[in-house]
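Student: I have a structure open and would like to learn how to read it. Can we take it feature by feature?

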Amino acid sequence: MADSKQQASKGNTISCVKEQLAKMSDLEHQTLGFHGQKVQFIYLTSLCDSKIVNRSLIAPLYEMGDDKEYELYIASFPGCQQLEAPPQIVAKLLQGCAALAFDSGNLYLFDAARVEASGVAPAESETIVQGPSDSFNESLDVSLNLIRRRYQSASLKSEARTIGAQSKTKLAVIYDEDRVDHNVLKELMARLDNINIDILQGAAELDRYLASTKFRLFPTTILTERPDRAVFNLSEGKVIILVDTTGYAVIVPVIFNDFFTAMDDKLQVTLVGWFLKGIRYLGLVLTTVLPAIYVAFSSYNSEVWKIQIALLVAGSRATVPYPSFVEVILMLLMMEFLTEASLRLPKAIGSTATTVGGLILGTAATEAGLVSNIMIILVSVVAISNFVIPLNMMGFTVRVIKYALIVVATLYGLLGIICGCLVLVMYLTSLRSFGKPYFRIFVLDRLKLGRTSMGEKNNG
Amino acid sequence: MAKDRYFYYLFLINALLNIVNFVPKGLINGRFDGSMASIMVAVPLGLLFTYLFGKVMGKFPSTGVPEIYNQYLPKPLSLPLLLMFAVLWFIAGLITLLAFVEITLRYISMDVEPLTVLVLFLMVVCISMRINTESILYGLEVLLFLNFPIIGYILFKSLLNPQFNWNAVLEIVTHSAHWPSFGGVATATFVFSGYANLAIFNRVLKNVNFKLLWLLGISGFLVLLTSFLIPIGYLGTINVDRHVYPWFSTADVLRTKNFVIERVLFLFYFNYLMLSLASTILHWHISLNMIKGMFASKKRKKPKRSFDWWVIILFSGFTFAAQTANQFKLDQFGQLFLDVRFGGEGILILSVYLAYRRRKQRQA
């Protein structure tokens, strides 16, 4: 009597599950019989690995003596669960589990997920000269493996989260328990819990939802594809968030200086490393202020320069029929178009675009007298020094800032540039990344992340 | 503790800014009547003030003056005091700002309307003064770090120049044996006034460590000597008082051959532009916080966000009104402020000490 009741409820469960999974062409529902008993298999063929299903589930069924033995065999797999509530079962099926229903009423969920991800490929957006070239890939497990292999410590913890009502993207929050600032961790967890979205497709997107203010100019988290950068930051007490299906990790909290660190700095001789870092900061200064300085010097404060240089610029600009700021903005926009275009083009055409755009157009424009020679030099310097910044996120920010400086230089000349830089410095110092001051000159006490900054705790 | 350096930055920015705030002018006016002696007196006096205020603020760790007043002084006393200090700090910033508009017109761009320049400066200051106290210190550090090498270069350049007349300097030094004047001492102690900024910055700076007080003394003394004597060396003992901003005229004497900029004046100007704006941001930030302290009640710790904007409108209004004053009046006003400020510092130290006594009584 009890047996039939159980069987009835089981039948209900299965029909309920099937109802929810109706109109799915990839749903597979098999009933296999042996020794007078029946086992039902339910799974989604697109999510499950058919090899696993065949080798681990179907083949042993016919090799085993009886159903009890087979049931024990199934239950012995790690990650094999026994569930009853239909919504849970559906969720598991959508993750790539196969459901096995026995006549006895037991229903097992067997993890047979097929994970399609590219293999561990060399890093593309953060290349370095010497050093490891592995990068994270789209599978969370592989990425975690890459970190764990480089950081073999029991204090390395990874907490799992799921974000996105539809996408159910898996996250792993990784940190070194002994070194992490627990205030930062708490803040991060709270912010993760507050994220209410349908679909999370990329680590960069997560970065946007984690930010405290909507409008900001500078990235307050780093996006990296390099396991060695992640591990280096872990050892500094930072938190890494790995996002499944993206191949990128988010690092929090970060400071301004982190964006100018390339991973091969550590591999260089100390002095060379400092030199390289200096070059990067110089590049930052050049790419932000050079166009504005050109505007200020040629239109406002030409008396500041030595007479020879002032004459040189004026002579070079003799044929140019419009004010200097128009010239600068025109050329810089050309430059932006070129960068954007070569980014999206297939590799084979990309080089043609740069040649035509950069070389031919530049030469023709100066010969036609539309822009000055000095302007062409300047634009190239600006573009090249922009690429000196190792992390792309900061590079994009810097690309935008220079226009703001051009505007103040157009209005106030050199005076405006100095004031603009001052406001920029003040803005930078007012930023906080998860409560940590973002911009300081001396960051030597950065390692002691466990302590809060100077006084009261700041919201950031 | 590394954090101590921030206290020295507060001192340093004020010390460097003396050039804009009419200190050399004041000292030069009395160069035959006891300015040297006043400097000698001002150094120990300034150090004493610094020490006393640092000590008494150390009794109230991580609190600013408004909180101390509101807690330990009766309301009829605390309100006028806060108002007075808000006004004093506002005027300190105002003088720097107006003087710098003056300098801009005189030395850099003669053809620009003063109002346009003022609007730019006000925008920079008003945007920046609202950021939190700790961030202002970080910003200050960055700016000082950027500007220090240039100041060092200019000093180096000016002392090694063969045109520099050491005899003129020596002549002024022979006038040392003279009674110091109140005005002279008040003017010279301005260099040490940076400590007073602790009134608000004590919120984020823990106990200040006075091990390096001697460094303050030496650097303050050297700053005073350079800002007083170098213009005399270049402009002459008699003619020097014809210049309202002697240091900018001095910088214009210098020339450099090894750089794209030929006149040192430009380097000096842009250098001081940054420092002056930073100092104004600092002073107005304190003034803003004093005003906020006046309106802080027990129920509501922090006033609304829009409050800041009302204060900004108020500050800007006063600045535009004050901008109509001519250079002569501004100079006089600046000198007067230096004297008033000296008295204000005394009141500041005494009032915080009073609050400390009252706390002790309450605890007893």
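Student: What distance separates the centres of domain 2 of chain A and domain 3 of chain A?

Tutor: First, some ground rules. This is a predicted model, where local features need pLDDT of at least 70, side-chain atom pairs count only at pLDDT 80 or more, and totals for chains, interfaces and linings use all residues. Residues are numbered from 1 along each chain as its sequence is written, while chains are lettered from A and ligands numbered from 1 in the order in which they are written. Now your distance: the centres, taken over C-alpha atoms, are 34 Å apart.

Student: Into which domains is chain A divided?

Tutor: Domain bounds come from an automatic or database domain assignment. Here they give domain 1 (9-111), domain 2 (140-253) and domain 3 (268-433).

Student: How many residues of domain 2 of chain A are in contact with domain 3 of chain A?

Tutor: Contact means C-beta atoms, placed from the backbone, within 7 Å. Eight residues of domain 2 of chain A meet eight of domain 3 of chain A. On the domain 2 side, seven are nonpolar, one is polar and none is charged. The nonpolar class is Ala, Val, Leu, Ile, Met, Phe, Trp, Tyr, Cys and Pro; Asp, Glu, Lys and Arg are charged; the others, Gly among them, are polar.

Student: Which residues touch the most other members of the largest nonpolar core?

Tutor: In soluble globular proteins, nonpolar side chains tend to be buried together. A nonpolar core joins buried Ala, Val, Leu, Ile, Met, Phe, Trp, Tyr and Cys residues through C-beta atoms within 7 Å. Buried means 20 or more other C-beta atoms within 10 Å of the residue's own; 12 or fewer is exposed, in between is partly exposed, and C-beta atoms are placed from the backbone. The largest core has 200 residues, and A:A249, B:I13, B:F121 and B:L277 touch the most other members. Helix 13 (residues 264-295) of chain B gives the most, 19 residues. Domains 2 and 3 of chain A both contribute, so the core lies between them.

Student: How many helices and strands has chain B?

Tutor: Both are DSSP runs numbered from the N terminus: helices are H or I, at least four residues, and strands are E, at least two. Chain B has 15 helices and zero strands. Buried residues make up 50% of its 364 residues.

Terms used
Two residues are in contact if their C-beta atoms, placed from the backbone, lie within 7 Å.
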